[in-house]
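Please examine the sequence and the model before reading each solution.

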Amino acid sequence: MKTFALLRPLLEFGAVVMALLVGLRLLTGLFTGKRHTFTLTFQRQVALLFWPLLCLSMGLPFLASFLFADAISTFELVLLLVFSALVLGFAAPALLLHLQYYAHNQATAVVFEPKQNVLEVYQGGQRIPFGRSDLVRVEHVRCTSRRLFWSNYEYLQLHLSGGQVLTLTSLLLKLGPLAEFLRNTSLHTSQQLFCIIRTHSPAS
């Protein structure tokens, strides 16, 4: 069948991409050391995008084989729709969250040293001055499941007394230690299936 004849080279391409992703993940893991200043790094983004990209590298070659086929049967069409839904259902939410988080934190830097009681947030290179007394509310939003491709996408919002809201996402750093550091403030933890960032008006 011509459709499946086309599938072999595309799957081989997907296998090569998968091998590159695995190698890249291992390589970036070796060079990830302990840091106190956190910005958007290539290593952190690879760690979060590893499973979604792996899913796409396996699924897209299969889907692409149908595009090159002259005609497909009803069975193949059903298979295509089911497989497309699975690939996009697993990978697309993580990619959408990644883009939103990137837009929020591309100009953000965090200096976090819990042993020294230091937490500083910078926007566009400028430090946002605040202390614990300025934190009116701290929201930590996590995913309800820890087994989905987007489970590691979470965010933390610092509501300051002046009305400003600082959003820190998991693209910058793992938020568990930061939430633990702020446990004695007005910390509220909630869970959502899809942790899209909610915006707040200055008056909220």
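**Exercise 1: Aromatic pairs**

The count comes to 6 aromatic pairs, where rings of Phe, Tyr and Trp (its six-membered ring) pair if their centres lie within 6.5 Å. The model is predicted: local features need pLDDT of at least 70, side-chain atom pairs count only at pLDDT 80 or more, and totals for chains, interfaces and linings use all residues. Residues are numbered from 1 along each chain as its sequence is written, and side-chain values use heavy atoms, with hydrogens and water left out.

Task: Which geometry do F90 and F149 form, and which parts does the pair tie together?

Solution. 
1. The ring centres of F90 and F149 are 5.3 Å apart, with 45° between the planes.
2. The pair is therefore tilted, since planes under 30 degrees apart count as stacked, over 60 as edge-to-face and the rest as tilted.
3. F90 lies in helix α3 (residues 74-105) and F149 in the loop between β5 (135-143) and β6 (155-160), so the pair ties together parts 59 residues apart in sequence. Helices (H or I, at least four residues) and strands (E, at least two) are DSSP runs, numbered from the N terminus.
4. Ring pairs link F90 and F149 with F50 and W51 into a cluster.

**Exercise 2: The setting of T41**

Task: Where is the place of T41, and is T41 buried or exposed?

Solution. 
1. T41 is in the loop between β1 (37-38) and α2 (42-67).
2. T41 is buried, at 16% relative accessibility (buried means under 20% relative accessible area, exposed over 50%, partly exposed in between; 1.4 Å probe, protein chains only).
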